[in-house]
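Dear colleague,

I am handing over the structure below, together with some notes on what was found in it. Please read the notes with the coordinates open beside you.

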Amino acid sequence: MAGKMMGRLVHFEIHVSDMERAKKFYGEVFGWEYQDYSEYAGMPYFGAVTGDENEPGINGALMQRQSAPPEQNHALNGFACTMGVENYDVTEAKILENGGKVALPKYALPGMAWQGYYIDTEGNVFGIHQPDANAK
């Protein structure tokens with residue numbers, strides 16, 4: 001693969017209506033930390049540090065939504081981000097405690113992992129994924 005440039009995902013942006021509410025949600029549920037880049041972006045824009053630089057994964061941002069939020073029960077328009085978690089059930093409890101809702105309940109990817117999808121406080125869909133060779 002050396003020398004061949006591929007389109008690897010390097011950054012994500014979650015569009016939010018209420019920045020403080022969204023920062024609290026992702027901070028409480030996933031432990032994300034933020035860097036304020038609003039001055040550069042010309043709008044509320046917070047870089048999200050999602051984990052250790054030496055581990056697989058990417059950082060992203062929460063940015064101010066520029067129009068109406070997505071409507072419930074419509075097809076997803078865009079990308080769904082999935083976060084890797086150590087304990088699915090503990091993470092789900094945190095999501096629900098912090099104002100998130102279930103979009104697609106926990107299911108097994110047999111022999112691989114537990115997966116499910118949720119709606120954040122801003123109306124966005126995201127997934128969580130817990131590797132588990134015994135999932136069935």
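Let me begin with Ile128, which, leaving aside its neighbours within four places in sequence, is in contact (heavy atoms within 4.5 Å) with Phe30, Thr82, Met83, Val85, Tyr88, Thr91, Glu92, Ile95, Trp114, Gln115, Gly116 and Tyr118. Before going further, please note that this is a predicted model, in which local features need pLDDT of at least 70 and side-chain atom pairs count only at pLDDT 80 or more, while totals for chains, interfaces and linings use all residues. Residues are numbered from 1 along each chain as its sequence is written, and side-chain values use heavy atoms, with hydrogens and water left out.

Ile128 is also one of the residues with the most contacts inside the largest nonpolar core, together with Tyr26, Phe30, Trp32 and Phe126; this core has 22 residues. A nonpolar core here is a set of buried Ala, Val, Leu, Ile, Met, Phe, Trp, Tyr and Cys residues joined through side-chain atoms within 4.5 Å, where buried means under 20% relative accessible area with a 1.4 Å probe, protein chains only. At least two residues of this core come from each of strand S1 (12–16), helix H1, strand S3 (45–49), helix H3 (88–97), S7 and S8, and H1 gives the most, with six residues. Helices (H or I, at least four residues) and strands (E, at least two) are DSSP runs, numbered from the N terminus.

In H1, the buried residues are Met19, Ala22, Lys23, Phe25, Tyr26, Val29 and Phe30. Seen down the axis of H1, these buried residues fall within an arc of 160 degrees (taken from the directions from the helix axis to the C-beta atoms), so they line one face of the helix. At its N-terminal end, H1 is capped by Asp18, a side-chain oxygen of which lies 3.3 Å from the backbone nitrogen of Glu20. After H1 comes Gly31, whose phi is positive, near 75 degrees.

Turning to the strands, S7 (residues 113–119) is mostly covered, with six of its seven residues buried. S7 pairs in the antiparallel sense with S6 (residues 101–109) over six bridges, pairing being counted if DSSP finds at least two bridges between two strands. Three residues lie between S6 and S7 in their hairpin, and Gly111 in the turn has a positive phi of about 75 degrees. S7 is also joined to S8 (residues 125–131) by seven bridges, again antiparallel, with Tyr118 opposite Phe126 in S8. This second hairpin has five residues between its strands, and Gly123 in the turn has a positive phi of about 90 degrees.

With best regards

Definitions and conventions: Buried < 20%, exposed > 50% of the residue type's maximum accessible area, 1.4 Å probe, protein only. Polar contact = N/O pair within 3.5 Å; in protein donor to acceptor, adjacent residues only side chain to side chain.
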